[in-house]
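Good morning. Please have a look at the model first.

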Amino acid sequence: EPDARLDYKFVTNGSNWILDPRNPNTCLGGYGPNSELRMPAYRFPEEINYRAAIPHGRFFDTTFYSVNLFNTRQVRVYLPPDGSTRADSCGLLVFHDGLEFVGLAAANNVLDYLLWQQAIEPVVAVFIPPVNRTPEYAGNQRGQFTDFIVQEIMPWLLKKYPIYRSPRWHATLGASNGGNIALWLGVSHPEVFGKVAAFSSNVQSDISNLIATGPPLP
């Protein structure tokens, strides 16, 4: 398409992933740099850029130990700009592969921009990285990771920050296997998460079966 933007690698000998040697343009991805192709009508998303003149949210970092997973990880919380919230007045976004959504996707710049444009209601966002990514998101630790989010992270957030209690204000999101765990949390705990965003998602069969044959979700 005239306005497309693609990032890619070439695969040689069936397994060797390399950058395009004839394309000097690169961008960062989840597996290192990729070659990048921007078509002539592509326009860089303005919400990704840092804007010094607009109000900015702030980050709070903490180390969180999980009693369900018996491990520790850094958790980063985005709080909306001062003056944009009242008591019990924020939605909640839970990002899986969370620190990459900051480092690679500039999620904090996007939130700053959308709040400045009054395109969204004030939100608290929590960026949670995996410790054992595939087991936690789509493997034998998925149940414990679910309990970590539902029984540990959510009560802590609801106690500490001005977040609406209703699940219609709680969203969980991720990409690939991060999308899989986001979908699982939505279908297995609709009383906690009322919105899900799954980008280019893996979808395990028990999730698709629940969506296909289970009761309609709120």
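Which residues line the second largest pocket? They are G91, L92, L93, I120, E121, P122, V123, R168, W169, H170, A171 and K195.

Before going on, two remarks on the source. This is a predicted model, in which local features need pLDDT of at least 70 and side-chain atom pairs count only at pLDDT 80 or more, while totals for chains, interfaces and linings use all residues. Residues are numbered from 1 along each chain as its sequence is written, and side-chain values use heavy atoms, with hydrogens and water left out.

Now the terms for pockets. On a 1 Å grid over the protein atoms alone, a pocket is an open set of points with protein on both sides within 12 Å along at least five of seven lines, and lining residues have an atom within 4 Å of a point. A volume is the space filled by probe spheres, of 1.4 Å, set on the points, which are joined across faces, edges and corners.

The second largest pocket has a volume of about 220 Å³. Strands β8 (91–96) and β10 (170–175) each supply at least two residues of its lining, and β8 gives the most, with three residues. Strands here are DSSP runs of E, at least two residues, and helices are runs of H or I, at least four, numbered from the N terminus. By class, this lining has seven nonpolar, two polar and three charged residues. Nonpolar means Ala, Val, Leu, Ile, Met, Phe, Trp, Tyr, Cys and Pro; charged means Asp, Glu, Lys and Arg; the others, Gly among them, are polar.

The largest pocket holds about 1,300 Å³ of space. It is lined by 33 residues, and L28, G29, G30, L104 and A105 lie nearest its centre. Its lining has 19 nonpolar, five polar and nine charged residues.

Now the helices. Helix α5 (residues 177–188) and helix α6 (residues 205–213) pack at about 40°, with axes 10 Å apart; axes are lines fitted to C-alpha atoms over the stretch in contact, and angles run from 0 to 180 degrees between N-to-C directions. That makes α5 oblique to α6, since under 35 degrees is roughly parallel, over 145 roughly antiparallel, 65 to 115 roughly perpendicular, and the rest oblique. In contact, meaning heavy atoms within 4.5 Å, N180, L183, W184 and V187 of α5 meet D206, I207, L210 and I211 of α6.

The axes of helix α4 (residues 142–160) and α5 come within 11 Å and cross at roughly 70°. That makes α4 roughly perpendicular to α5.
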